[in-house]
Amino acid sequence: MNPGRSSAPGRCPLRLRRRPVPWDRQRPTWRDAKPRIIAEALKRAQTRPSGNWYVLGATREIKPGRPLGRTVAGTEVVAWRDATGRLRAGPGACPHLGAPLKDSPVRCGTLICHWHGLALDGDATAGWEPFPAFDDGVLAWVRLDEAGGEQPLERPVVPERPHHDRHLAAVCTVTGRCEPEDVIANRLDPWHGAWLHPYSFVDLTVAGRPGDDSSDAAPDDDSFAVDVSFKVASRAVVPVRAVFTAPGPRTVLMRITHGEGAGSVVETHATPLGTDGSGRPRTAVIEAVVASSERRGFAVARAAAPVLRPFMQAAAGRLWRDDIAYAERRWALRSTGRFPG
Ligand code: FES
Ligand SMILES: [Fe+2]
């Protein structure tokens, strides 16, 4: 099922599958999903610079008046908004006697330690040194040079998104016991889509992959092009072409290039947290859906964003429960020398 270039506004994007193929009768993809192709795409992703930037969470998670605490790459981080709304971040332990600053209140943009009242306005003070922080309007980022160990970049590598006037964004976070590379490897395996997620994807064909010089290849040399239909109801689907790229070592980008919502992106960011009590790594998968459409109905949907957002998050959550199981399994096999790739 090939999606058109883009649906004309006002035209119904839904298609009815005439003869739905049962799950167990679809074409197996395992011969095409060569472990080497996935491993090489992952390796290339890992060589791209992150500039030591890590996604901390959704922009909307950090509200004025309340700090957000998160351990990133083993570093305790606290983030909040100052009086101008600017994102501030730094070590999450108070430099005086170590109070957890995530539990401290913010008064007029100043974080006030609740143990003895040390006031932090976001600039260096009393031995507390801020971390560079960046809010791109959808996601909040923090730069941790010690943890990252790369050449620092002034700004994170933020993928190109639909203009904020015409987009609807939702962010979903899921945590798994694995490393970022397991999450990225899962995303660089587009062949699993219709097998592992039959409730969301059907009729999936990988039309182009890195190194593929066929006429149907992906638009640049290091991307996967996928023709797939999103399942809306039992037979009703929305066919699209999606292109997957890995712009950084912990990010995979899916861009809808043809069909309904062309221009929409799904950014998957894998943020290492630290280890659990048994020493297993924990990774947060922070996924931003930035949807765009020229349709009139979409303007209505955008106005209803606060209502729709939880549904978008729930839908992403279901996909991610299955994908996180894939990533955790990959880590379990890797860490015990049993990974077949
Ligand atoms: S522990 Fe924060 S001021 Fe004492
Ligand atoms: Fe998946």
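Trp-23 counts as partly exposed at 46% relative accessibility; here buried means under 20% relative accessible area, exposed over 50% and partly exposed in between, with a 1.4 Å probe and protein chains only. The model is predicted, so local features need pLDDT of at least 70 and side-chain atom pairs count only at pLDDT 80 or more, while totals for chains, interfaces and linings use all residues. Residues are numbered from 1 along each chain as its sequence is written, chains are lettered from A and ligands numbered from 1 in the order in which they are written, and side-chain values use heavy atoms, leaving out hydrogens and water.

Aromatic pairs come next. Rings of Phe, Tyr and Trp (its six-membered ring) pair if their centres lie within 6.5 Å, with planes under 30 degrees apart counted as stacked, over 60 as edge-to-face and the rest as tilted. Four aromatic pairs are found by this rule. In one of them, the ring centres of Trp-23 and Trp-195 are 5.0 Å apart and the planes stand at 75 degrees, so the pair is edge-to-face. Trp-23 belongs to the loop between strand 1 (15–16) and helix 1 (35–47) and Trp-195 to helix 4 (residues 193–196), so the pair ties together parts 172 residues apart in sequence. Helices (H or I, at least four residues) and strands (E, at least two) are DSSP runs, numbered from the N terminus. Trp-195 is partly exposed, at 24%.

Phe-201 and Phe-230 also pair edge-to-face, because their centres are 5.3 Å apart and their planes at 65 degrees. Phe-201 is buried at 13% relative accessibility, whereas Phe-230 is partly exposed at 25%.
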